[in-house]
Amino acid sequence: MEALPIPTDTYKLGFIGAGKMAESIARGIVRSGVLPPNRISTFHPHPSRRQAFESFGVHLLAENDDVLEESDVVIFSVKPQVVKDVVLQLRPLLSRKKLLVSIAAGVKLKDLQEWAGHSRFIRVMPNTPSAVGAAASVLSLGGGATEQDGDLIAKVFGSIGKTWKADEKYFDAVTGLSGSGPAYIYLAIEALADGGVAAGLPRELALGLASQTVLGAASMACHTGKHPGQLKDDVTSPGGTTIAGVHELEKGGFRGILMNAVLAAAKRSREFSQS
């Protein structure tokens, strides 16, 4: 039986799990105007988490069952180790009229669909820059999710950054790259700042320059349409300062180290998803 379309102009969104990632997503949705806060609900027993959502107008309900009853689209934003128990507990309320979404890392669609009792499910892998509206999120549609469902969820997660659709078989690699990648970049920023300090800069200035340089370079890669190699060549004049620095990075195996980091994290993600 064909799933009924979600009414895009009137649908209500519920979060099962009210942690930091759910808060970032909800704030992005409200800030971008995708949904008004009075069409978003969640539940959390702890006062501080309730206050965080109430501060920008989200409805706080008495329990997760109420969130399910009130919502057309439901995002499971609980920790991966508890998502099975949560979905199974709520299964009687999970009709095919509702579009279900999971952001639990490493939890596969086939398991989510089995626990829910139907396949109108979408798996999303966001990352932590969602907190500042700069997430990289990848979506994979379950067997019962329609293209319209996918477009709706792409719009929701587009409120916190950029979105891509991909086959779920790529999700371990996605975890290794965009899921874990922010940590690699933080290390790079810290190392650049340390280099600046070693060269004589005050710490605060060095950290500010390093952070803005990474932000600017990423913006160039995203917006100019040029290959990163071409952008690198544009900065490296013959016999100049930049090529001297690039030479040191190449001697140290900089590219291979980053590639190996992505591969190691992807392997670890695969181990988690198979356990």
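How far apart are the end C-alpha atoms of residues 12-106, and how much of the span is helix and how much strand?

## Model and annotated span

The end C-alpha atoms of residues 12-106 lie 27 Å apart, and the span is 41% helix and 18% strand. Helices (H or I, at least four residues) and strands (E, at least two) are DSSP runs, numbered from the N terminus. An unreviewed UniProt entry labels residues 12-106 "domain: Pyrroline-5-carboxylate reductase catalytic N-terminal". UniProt annotations may be inferred rather than shown by experiment.

This is a predicted model: local features need pLDDT of at least 70, side-chain atom pairs count only at pLDDT 80 or more, and totals for chains, interfaces and linings use all residues. Residues are numbered from 1 along each chain as its sequence is written, and side-chain values use heavy atoms, without hydrogens and water.

## Helix α5

Helix α5 spans residues 109-116. Its buried residues (under 20% relative accessible area, 1.4 Å probe, protein chains only) are Leu109, Leu112, Gln113, Trp115 and Ala116. They sit on the same side of α5, because their arc (directions from the helix axis to the C-beta atoms) is only 165 degrees. Lys110 and Glu114, on the other side, are exposed (over 50%).

The cover over the buried residues includes α4 (80-90), β5 (99-102), β6 (121-125) and β7 (135-141), with contact meaning heavy atoms within 4.5 Å. Glycine 117 follows α5, with a positive phi near 90 degrees.

## Leucine 201

Leucine 201 lies in the loop between α8 (181-198) and α9 (203-223). Its relative accessibility is 33%, so leucine 201 counts as partly exposed (between the 20% and 50% limits).
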